[in-house]
Amino acid sequence: MPSTPPTAGAGTGQAQRTHIEPMPRVRRGWRVFLFYSSAVLLTGLVSMLFADLLWRTGWSLAGVVLLCLFMVLFLVIAVGCMHGVYGFMARLSGDRRLTGLKEYRGQNIKGVSTALVFPVHNEEVARVCEGLRATYESLEKTGRLGNFDFYILSDSTEADKWVEEEQRWFDLVRDLDALGRIYYRRRVTNEGKKCGNIRDFLSTWGARYRYFVVFDADSVMKGETVVELVKLMEAHPHVGLVQTVPALVNARTLFGRMEQFANRLYGPIFITGLNFWAQAFGNYWGHNAIIRTEAFMQHCDLPQLPGRKPFGGQILSHDFVEAALLLRADWEVWLAYDLEGSWEEAPPTMIEAARRDRRWCQGNLQHFMVVWAKGLRGLSRLHLAQGILSYLAGPLWLFFLLTFNWMLWSESRTGLSRITVRPWTPFLRVSGTEHAFLIFVICMAVLFLPKVLALADLALDRERRRAFGGLTNATVSAIAETAFSALHAPLQMLWHSKYVAESLFLAGVSWGPQTRTAEGTSWLEGARAHWGHTVIGLVWGSAIWRLDHPTFWWFMPVMAGMVVSIPLSVLTSRTSLGEQTRRAGLFLSPEETAPPRELAALRARMAAEAADGQLTPRGADCGLADVVLDPYVNAMHVTLLREKGQNPAFARALSDLGVGRPEVRALCEKLLAEGPERLGRQEKLLILSDAEQLPWLHRQAWLRPSATLARWWQGQIREYAR
Amino acid sequence: MNATARNNTPGKLAGRPLEEWNGAYSKVESYFHALRMNNRVLLGQLVARVLERAMERSDAEPQRSATELAVEEMDRLVNEWFAQVLQAPPAGAEMLSTRGRMALLLADMPGRWQDQFLRPGPWPEEFVVAMREGYLRAGPDFQLAKMTPRPLDLGPIATLTRWSRLPYVKMAASWVLFGALLVLLFYLTHQ
């Protein structure tokens, strides 16, 4: 189905308007066949070995279940292993990649306009603005700033965040002299969440830009990288989306630094492996990617899924599906994994990482609905299926272990001794225990081979070796990170199992805010998050010990992670430990040993703001107080509201919200007389959305006798007295 | 001798206790602080000017507090000045005030033009241009377009979703599942 050729000059008034035809459907099957056949072959052979082990002790239904689970789980790790193996080989031999297809660096991008969009939702505003500033200044240095506009696209639902965003946006624009270059827009409602936010941007301004680059709240990109992405898109008119591979940076906690180290050390071979089979049928990860506006607008407005939550309704993890829809319309989607200068931050603690997984889990499970959709490319189905499996693997592993325990219990209940017959494979002259150990060793080898290959890859590259603090440091770090992963994996298994169950039976379960001390997760928060894991580890471990002592030692690594989960979570959240390991040369990443200019500037500014107390949380309703009392904040907020009202869609949304109704004046009176604590969240947002009432509120708050105002206002006005 | 001077009896200013004027001073000063007027000399002058106007009304409006009179005069003074600088037609006080405050912010009054604030004209050309021509744009001109969701045929899933809407299907499915569980349990415990 060839789509309508985009008028590439999406980006009105642009000099060059070329007709772009999406690529014709092509077959690139051999790479996929080779790659996945390797994984299937390995899985088949090892599954035979496992089946043989089960056969030696006698077949049972539980054994069949165990074998099926083993096959699925082993296939998952075999695919992971193949990513490492093929990636390693491709890095040695040179792989077919987008940046190598044709010379693109000389591409003329004069007159090509690109929007850099930062969708935010109640984020840390200072960090968002400083990240944007780093990218802006870096782009300025390329001399191409004129081709780019920046948008902070707010979906924030907290009044204080909204006001802070406006203030910081204005400060940023004034500092950079970027009025008319950096824009700010907040939606009236956050319908459709992030993809609704992007869609709203595209509906309002998308036609002005040929491309747009999506950032996350904590993304930073090097100016040269952004320019290269635009050149890549210009040079490859069949490409609808190019996804960069963001490197994790700026971690300070021990957990964050280990994740960052793993991402930087193992990432390259895995991503090269992914690119080996995906080629032009790559994926989109939601940010740090450039997108052809017209193609996206034509094909990626996501439909609502039929049925109720958790599977029906709005598509939560939109990125995979958007890539699939672009591919369905014959656009290419590439991973530009070799472009440096694309960064993001990782959750600093195990609990934060689990919280993020909670959101992603529901979104990925929902893809079960999409994976069957007609017209999707086979490779899109593979991407979607892998996403689903990455979360289903947790409960499947748990089910595998429980089934094994069930078999053990059944055997012990019979009171009969276990009789092990000779293996089916005649060349295997091993005992039952040795047979099990052999399978265990193979599983471990498959799990750890990519890590070994990543170290070998590092050993072959002098510059990278230096960037990781030397091969010895990197090896020691990799061993320590692997030990941590072994303890962390059982917790992820329990978390993912819980999330899958919640997603299936209790749609919309969410976490409360985390209590973090300046040092990291507090012991109380750690205990609250992990007491269940600890209890499960202790009870399960004791049960296995009672059943069969030798089996207990097999289960020891799994139980250990659960039993030590509280100290593990708390200690790895410590920034002091992160700093100590950094000083010891452990878990170093290239961005730590030689920080790029952009990241160094970002860190310096954030540190300066922290030292000035600008990052210290203010009291509740501080934003509301600012809008009502501060003459400038009030004027700016009202001006932005009035400008927003020019857009018919916004005007309609404001009207739907209740703006302009007489009830709002009554709410304002209540706000003055009784203070903000007597108003609900929606009521405060309604007042803050009314451009007519806010100037009135400002005057009244200052003109009325103090005695007629709520005590809260009197305190707020006193703060201006200094 | 004006009315203010006449009523300056010991312990009083314009017929009111000094403490009341102190409160008025504090409120007016707070507002100028909010406008980032940091220069103490200028700030003192401005507050005194506002209070003088308030004192002139003091005799005529004894039922109103000095603070009320002072903040009203401050509001009036600021708006009159905005109207002159911006050459704005007489409009609603709130509309003018918003525009004026935005202009002050964009012209960087607190940083560059504190001495011009509330001063009678003529003002420096650069200041006037900055005040009159500065405007805040949070976004470029709208270029509205419409994104329409393309239908996505979910194949067998769509059929399943339709089935699940049939009455009693879920109930029947849960009974079948329960039955299967019982069979499984029986099988596993009778090997």
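How many residues of domain 1 of chain A are in contact with domain 2 of chain A?

## Domain contact

Nine residues of domain 1 of chain A are in contact with 13 residues of domain 2 of chain A. Contact means that the C-beta atoms, placed from the backbone, lie within 7 Å. On the domain 1 side, helix H5 (residues 159–176) of chain A gives the largest share, six residues. That side of domain 1 holds five nonpolar residues, three polar and one charged. Here Ala, Val, Leu, Ile, Met, Phe, Trp, Tyr, Cys and Pro count as nonpolar, Asp, Glu, Lys and Arg as charged, and the others, Gly among them, as polar.

## Model and layout

This is a predicted model: local features need pLDDT of at least 70, side-chain atom pairs count only at pLDDT 80 or more, and totals for chains, interfaces and linings use all residues. Residues are numbered from 1 along each chain as its sequence is written, while chains are lettered from A and ligands numbered from 1 in the order in which they are written.

Domain 1 of chain A spans 111–374 and domain 2 spans 628–718. The bounds come from an automatic or database domain assignment. The C-alpha centres of the two domains lie 33 Å apart.

## Strand E4

Strand E4 (residues 211–214) of chain A is covered on both faces. A:Tyr211 and A:Val213 are buried on one side, A:Phe212 and A:Val214 on the other. Buried means that 20 or more other C-beta atoms, placed from the backbone, lie within 10 Å of the residue's own. Helices (H or I, at least four residues) and strands (E, at least two) are DSSP runs, numbered from the N terminus.

E4(A) pairs with strand E1 (residues 114–120) of chain A in the parallel sense, over four bridges. Pairing needs at least two DSSP bridges. A:Leu116 stands opposite A:Val213. Four bridges also join E4(A) to strand E8 (residues 289–292) of chain A, running antiparallel. There, A:Val214 stands opposite A:Ala289.

How values were computed. A residue is buried if 20 or more other C-beta atoms lie within 10 Å of its own, exposed if 12 or fewer, and partly exposed in between; C-beta atoms are placed from the backbone. Two residues are in contact if their C-beta atoms, placed from the backbone, lie within 7 Å.
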